[in-house]
Amino acid sequence: MLLNHLSRPNVRQYGVEIRGEAVVQGEHTLYLIVEADDEGHLREFMKPFQAVGSLDIYPASTCARVVASGGCSAAMPVSEFVSAGDPEEACQKAIEAGLIVHRAHPLNCETSIPALIGGVVMPNAHFYVRNHFPIPILDPATFRLTVGGLVERPLSLSLRDLHNMPSQTLVATLECAGNGRTKFHPPIEGEKWDLGAVSTAEWTGVPLAEVLDRAGVRTGAREVLFRGADGGMVDGHSGPIRFERSLQLGHARDPDLLLAYAMNGEPLPIQHGYPVRVVVPDWYAVASVKWLTEIELVDQPFAGHYQSDKYWYEWERDGQAVREPVTLQRVRALVTEPAPGQEVRRGELAIRGVAWSGAAPIARVEISVGGGNWQEAHLVSERRRHSWQWWELISRVQEPSVVTLRARATDLAGRTQPECAEWNRLGYGNNAIHEVPVRIV
Ligand SMILES: Nc1nc2c(c(=O)[nH]1)N[C@H]1C(S)=C(S)[C@@H](COP(=O)(O)O)O[C@H]1N2
Ligand SMILES: [Mo]
């Protein structure tokens, strides 16, 4: 029915013209570039697609014809920028989506490990959420991202300005530095993350480097400071603070850093930073500032709360305090299948999971079944620079018993997972080898 609908004569009847078509291999997604003089005609034409799945319509500003004619004359519908969700509903939705909610105010919830099974990316509804303050509500019509400090040309960018700039899309894994915190002994204060404070999405936005170029960085600038719209009171500060983080200028110019306004092809959901967030691939996600409203070029190392009081590994070694900032994601593998405690039948046993590392792509994942030798798993998904990697191993188990499955990842930089991660005061970066007990019946 849909193929007939797409036939040229039928398309013409709707007063629209198809300029391009694409399907994504392995996904049930069809992209069309459609020209129409009227949005109503276009929506009418697209209706049958809505009956079989979800439909998104975006104005195309980069289509060759539109560019040649001097840009799209029709105003972009503001609904285009409207985020999915309301902060009041975010918690309820998280529960409905099966996220494990640790705290409702501010909302903090993790992805359940079985929900990680299957996709290259996590659907937005299943993506873990880490907030330090209440979710701010930003009005898309009046929203401005300002770029100031040591720049030649201070900027004040509307959402439309950002959408009209060159865009880039990349798949990146975000992981909270506190992921796995509850596995440390003795226990540590802070959000009680198990292992699901990690997810992967396809992010679309403006390369940060584009915006820096447009503003013109002045000599003397050393760091780029990102300020979120959220804030509040924290221990050790007499007045309210904002959520702020900085990056060294050299790192900020990395072409893969994005000011993202879309997540898995949808406007950024409100809990993930609507309307714009930073995405810093490979780094623990604290660097990926949500609800971004200000960028400032500064000449001094930034020393705000989330930069210098938190997000440091702190150890005591030989009576000496030692500290190191939290930066790249440590190498780690998770077993997503079978689930802990699951009963599995004797015979063939499929073990699957994900693995990622901020320093380099995954080189190998090894599995040990019931304390046996390490066996190399097969890396299944496409290897993408900033995304987790799927792996699987088909093993055999003969005797009814309880066995422990262990998965250990190694990256191309030669980093591998420890048996036990070094305890640190704030409980970051616990990438100890994941162990999953299963019952063979
Ligand atoms: N503005 C702002 N940005 C923020 C945070 C925050 O509380 N406020 N939390 C950070 C932390 S610690 C993490 S782990 C990620 C979580 O991103 P997510 O909620 O989209 O998964 O956002 C980061 N960016
Ligand atoms: Mo985090």
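The legends below describe close-up views of a predicted model.

Residues are numbered from 1 along each chain as its sequence is written, and chains are lettered from A and ligands numbered from 1 in the order in which they are written. In this predicted model local features need pLDDT of at least 70, side-chain atom pairs count only at pLDDT 80 or more, and totals for chains, interfaces and linings use all residues; side-chain values use heavy atoms, with hydrogens and water left out.

**View 1. Residues around ligand 1.** Ligand 1 is surrounded by 18 residues, the closest being Y128, D230, H272, R277 and K290 (a residue counts if one of its heavy atoms lies within 4 Å of the ligand).

View 2. A polar contact is a pair of N or O atoms within 3.5 Å. An N or O atom in the side chain of R277 is 2.7 Å from an oxygen atom of ligand 1. A backbone N or O atom of R130 lies 3.0 Å from an oxygen atom of the ligand, and a polar backbone atom of S288 is 3.0 Å from a nitrogen atom of ligand 1. Taken alone, ligand 1 exposes 530 Å², of which the protein buries 100% (Shrake-Rupley method, 1.4 Å probe).

**View 3. Two cis peptide bonds.** The bond from H105 to P106 is cis, with omega near -10°. P106 lies in the loop between β3 (100–103) and β4 (108–110); strands are DSSP runs of E with at least two residues, and helices are runs of H or I with at least four, numbered from the N terminus. The bond from E337 to P338 is also cis, with omega near -5°, and P338 is in the loop between β18 (332–337) and β19 (343–344).

View 4. Most residues other than glycine have a negative phi. Phi of N264 is near 50°; this residue is in the loop between β12 (258–263) and β13 (266–267). Phi of Y311 is near 65°, and Y311 is in the loop between α9 (305–309) and β16 (312–317). Y311 is buried, with a relative accessible area of 6% (buried means under 20%, exposed over 50%, partly exposed in between; 1.4 Å probe, protein chains only).

View 5. A search of the whole structure finds 0 disulfides (pairs of cysteine sulfur atoms within 2.5 Å). The sulfur of C109 is 7.3 Å from the closest cysteine sulfur, that of C91, which is too far for a bond. C420 is in no disulfide, and the nearest cysteine sulfur, in C176, is 20 Å away. C109 is buried, with a relative accessible area of 0%, whereas C420 is exposed, at 64%.

Definitions and conventions
Polar contact = N/O pair within 3.5 Å; in protein donor to acceptor, adjacent residues only side chain to side chain.
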